[in-house]
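Welcome! Try each task before you read on.

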Amino acid sequence: MLSFSGLPGTGEIKENSPAGAWVYTFNVTLSPFNIFLAGNPIIINSNPLTKAFTINPVSPLQYNVATSGDPILDYETMPYRFELQILISDSNGVRALQILTVVILDENEPPVFLGNLASQTVMVYILEDRPAGKIYQLPSVVSENSTSTRLIYSLTPGKPFSISQSGTISSSKQFDYENDDHSYLLNVTVTNGQGLSTTGTVIINIINLNDESPYFNITTRVFMIKEEQKIGFIVTTITAVDPDGEVFNNNLRYSITAPQGIPYFSINPDNGIIQVARRIDRDVPSLKQHPNITLEILVEDSPMNGKRNSITIVIIIEDINDHPPKCQRYIFREHFNENISSGTVIVDLKNSCWDCDAVAPNNLFNFTELSGVGSNNFAQDPPGSGRIKGEWEEFSRVGGESFENTEENGFNAHQLVGNIDLENGIGGAEKDYILKLVVQDIISPFYPNNIDIFVRILPVNEFTPVFNSPLYVFNASEILAVRSEIGKVTATDEDVPSTGISYSIVCGGGTLDYSEIFWIDPNEGIIKNVAQLDYEVRQKYPLIVQAADNRGKTNSVTVIVNVLEENDEKPVCSLSSHFLEIPVGLPPGTNINGLYISCVDRDSSPRSFRYFINSGNVNNHFAFSPSAGSGTSRLILVYPFDYERGLDRVWEYRLEVYITDDNLLSVANRSTALVQTGSVKLTIRVIPDPTTVVPTT
């Protein structure tokens, strides 16, 4: 027999009891004694369903019902009565089933927060510019008899926060991250009607917004630097501060938004260091007129929709003495006629020199005293001005005429001795003076530049060149080689010293093909041909040759060049090559295929033509008739072909025919005279009869 002792029954257990807490004890009865249990009793069902209970053996036939801890019993959230169906089986398969009723007893508990606040600190974030009002709603609170017992909420510390009796946390002000605390720790306590309470922690964090513009903290807005500073030279550092705090200060970016003219400066976007970005030359026109460079500096705390501010600074570029005086020329060559008057300005250097520096005294300069050969005959007026005059007491000319000079302008009188009229043989050659002086700054480092002035006193050009013949006639063969001498003209000039004469062809000597046929040596007067002469094109060339001295006086003469005819054209024939076929039995004396050649020669008569076969005429079968004295000649078969006896073996003849223009010359003169030769190439193929046996070699 199998049965329970103590069941059915009722057990009680308090809520919140831990796992393993005792609920009820029952026994199992077995008979006869040779029967044993098939296992421990088990809970096969419960009403309502739960896993909150388990059965643990105390002895072989005694068992305890205890809590499993899954879940923890809670009177407020779970049913407070459970019916457990307990089953037991023995080794014979007999089963017994009984019910245990478990009653959950209510305990007085403090309120409990639900959600995150039940187990951790709650972090709440609000923007600094959020208006005063509700910030956070506490999660629900579970408390026994909450429907009949009022829950009381409290908050420490209080200001500037408060909590309503519905658990809503509110602020009484609008926060400013820059002036208020950045976070607030609040202890929230909820108390039920029995005086039991629970406390949770809420931290209110103020989120910093980018609501403040950065501002500059510089004391001056005008800076001065000297020109020509190296690239990278630090002018100043512009710094700004963002009231929004370190994060935004670290993100400040600087830029130049409104540079004036050329971008001479750059700014480091991270630290605001302004540096020289390119060469600054105070002496360029733009900076000469406006040496003050205005920069607008912009600072931003965020690249996208950030707060910004700007400031305008002025950088003044100071001039330094970094340029020496410059002149249009440093070597002056001045020429004056022998009749120059004392006191004449030789050169005014002040008008041809300058200093590129922007302002005085950097751009001021003067000239040192004169030195060099003959410098005592010249002076600066006033001293150091670079305005140089000649000063001498008397300058004699032909006929005894003189030019006097007084001591005006403080000049000391010096005498230039001698007569420079070269034609009367008194004075001799021209006079040269070499003057030296230095142009230099008036302040350190006194940059200098040397100036040399060469003054030459020239004789007056009084005479015109004269040719030694009123007309020149030269003959030139048309076959004269290019650049051959044709003739020479000569002119003389009575000026002393001789000024030198140069020759040129000013007119004539051209053809349709060449604008210039002749060239004249400008120094020697030798006339040469620079292109091939051609009698057939032109027989006579009238030229105008000019002789000029180096002071502008000229004279001209006519030169006639006659072109002499030469035999320089070869005969040209109506055909240059031809192919013929003839039968092997063509009789001698036949004009082969009616062929004749017709030739012309630009400089020879047809009567001067000779026709002969130069090569290819094997066994002399061919000839031309007439062989000379005519512009036309026919090809004749002179001897018949004889292939059968083997006298002829060539079936294709390649004839090279020459036509010369020496027929009117004697045999003796042909070897020395200029003979021209034309040529014609003929190919003659002999066609055998069908019965002819062509011999082979």
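Lys-159 sits in the loop between β13 (152–156) and β14 (161–163). Strands here are DSSP runs (E, at least two residues), numbered from the N terminus. This is a predicted model, in which local features need pLDDT of at least 70 and side-chain atom pairs count only at pLDDT 80 or more, while totals for chains, interfaces and linings use all residues. Residues are numbered from 1 along each chain as its sequence is written, and side-chain values use heavy atoms, with hydrogens and water left out.

**Exercise 1.** Decide whether Lys-159 is buried or exposed, then find how far its C-alpha atom is from that of Lys-173.

*Solution.* Step one is the rule: buried means under 20% relative accessible area, exposed over 50%, and partly exposed in between (1.4 Å probe, protein chains only). Lys-159 has a relative accessible area of 81%, so it is exposed. Step two is the distance: the C-alpha atoms of Lys-159 and Lys-173 are separated by 9.5 Å, and the two residues are 14 apart along the chain.

## Salt bridges

**Exercise 2.** Which side chain does Lys-173 meet in a salt bridge?

*Solution.* Start with the rule: a salt bridge is a side-chain nitrogen of Lys or Arg within 4 Å of a carboxyl oxygen of Asp or Glu. The structure holds 18 salt bridges. Lys-173 meets Asp-180 in one of them, at 3.0 Å from N to O. Next, look at the surroundings of each partner. Asp-180 is buried because its relative accessibility is 18%, and Lys-173, at 29%, is partly exposed.

## Disulfides

**Exercise 3.** How many disulfides are there, and which cysteines form them?

*Solution.* A disulfide is a covalent bond between the sulfur atoms of two cysteines. The rule used to find one is a pair of cysteine sulfur atoms within 2.5 Å. By this rule the count is 2.

- Cys-327 pairs with Cys-353, their sulfur atoms 2.0 Å apart. The torsion about this S-S bond is about 100 degrees, so the disulfide is right-handed. Cys-327 is in strand β27 (residues 326–327) and Cys-353 in strand β30 (residues 353–354), 26 residues apart.
- Cys-573 pairs with Cys-599, with sulfur atoms 2.0 Å apart. Here the torsion is about 90 degrees, so this disulfide is right-handed. Cys-573 lies in strand β45 (residues 572–573) and Cys-599 in strand β47, 26 residues apart.

To finish, number the bonded cysteines in sequence order, and the pairing reads 1-2, 3-4.

## The nonpolar core

**Exercise 4.** Which residues touch the most other members of the largest nonpolar core?

*Solution.* A nonpolar core is a set of buried Ala, Val, Leu, Ile, Met, Phe, Trp, Tyr and Cys residues joined through side-chain atoms within 4.5 Å. The largest has 28 residues, and Phe-622, Phe-641, Ile-659 and Leu-682 touch the most other members. Elements that give two or more residues to this core include β46 (577–583), β48 (610–615) and β52 (677–687). Apart from it lies another core of 27 residues, among them Ile-13, Val-23, Leu-73 and Leu-100.

## Backbone check

**Exercise 5.** Which residues does each cis peptide bond join?

*Solution.* Pro-48 is in the loop between β4 (42–47) and β5 (53–59). Another joins Ser-625 and Pro-626, where omega is about -5 degrees.

Conventions:
Helix = DSSP H or I, 4+ residues; strand = E, 2+ residues; numbered from the N terminus.
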